[in-house]
Amino acid sequence: MAQTSPPVAIIMGSESDWATMRHAAEALDALAIPYDARIVSAHRTPERLFAFARGAKAEGFKVVIAGAGGAAHLPGMAASLTPLPVFGVPVESKALSGQDSLLSIVQMPAGIPVGTLAIGRAGAVNAALLAAAVLALSDEALAARLDAYRARQSEAIAERPRRDEA
Ligand SMILES: Nc1c(C(=O)O)ncn1[C@@H]1O[C@H](COP(=O)(O)O)[C@@H](O)[C@H]1O
């Protein structure tokens, strides 16, 4: 089967997660890394999850970023169904501020890893940067873009706090 997929899959349990996961997409955009963003729920669309995760490697994906909130089984289930690296992003839930999402994703049993990031936007951005780091191991042009991204980030940090103009 022809490998036509972009290297990164961003999957999320609900469309409501896009407010968080779009930050992963924006970080990938900044590094010119193509991705496909899909709504896939272990709970609500289990057949879609099985089809996606079982076929992800053959489709040509290299890394999966999975965001979910609450009883966040999606990243772990995806990891159980694909040999690709899976980075989990705990989406901040209303009831428990994302503590539920974090613990659901991070406490995987030995044998099926999910690289778990921070709750919310920072986790989404860092999942994208980790995906970039993985891909950069075999892509020198991307490695250079990642270096430049970090250099720009450092340059943007002021050395001293700006004083308020009275
Ligand atoms: N955690 C999961 C899974 C899953 O893990 O398969 N599917 C949906 N959800 C989560 O339910 C929350 C509320 O979803 P709605 O906003 O659609 O009610 C979302 O954060 C989603 O990730």
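**Notebook: PurE span, helix packing, ligand shell**

I looked up residues 6-157 and found their end C-alpha atoms 32 Å apart, with the span 49% helix and 16% strand. Helices (H or I, at least four residues) and strands (E, at least two) are DSSP runs numbered from the N terminus. The unreviewed UniProt entry annotates residues 6-157 as "domain: PurE"; such annotations may be inferred rather than shown by experiment.

I note that the model is predicted: local features need pLDDT of at least 70, side-chain atom pairs count only at pLDDT 80 or more, and totals for chains, interfaces and linings use all residues. Residues are numbered from 1 along each chain as its sequence is written.

Next I looked up α5 (residues 121-136) against α6 (residues 140-155): their axes come within 8 Å and cross at roughly 140 degrees. Axes are lines fitted to C-alpha atoms, for helices over the stretch in contact, with angles from 0 to 180 degrees between N-to-C directions. That angle makes α5 oblique to α6 (under 35 degrees is roughly parallel, over 145 roughly antiparallel, 65 to 115 roughly perpendicular, the rest oblique). I list Ala-132, Ala-133, Leu-135 and Ala-136 of α5 and Leu-142, Ala-143 and Leu-146 of α6 as the contact (C-beta atoms, placed from the backbone, within 7 Å). These residues divide into seven nonpolar, no polar and no charged (Ala, Val, Leu, Ile, Met, Phe, Trp, Tyr, Cys and Pro are nonpolar, Asp, Glu, Lys and Arg charged, the others, Gly among them, polar).

Last, the ligand: I found 16 residues around it, the closest being Gly-13, Ser-14, Ser-16, Ala-42 and Gly-69 (C-beta, placed from the backbone, within 6 Å). The shell holds six nonpolar, eight polar and two charged residues.

Key. Two residues are in contact if their C-beta atoms, placed from the backbone, lie within 7 Å.
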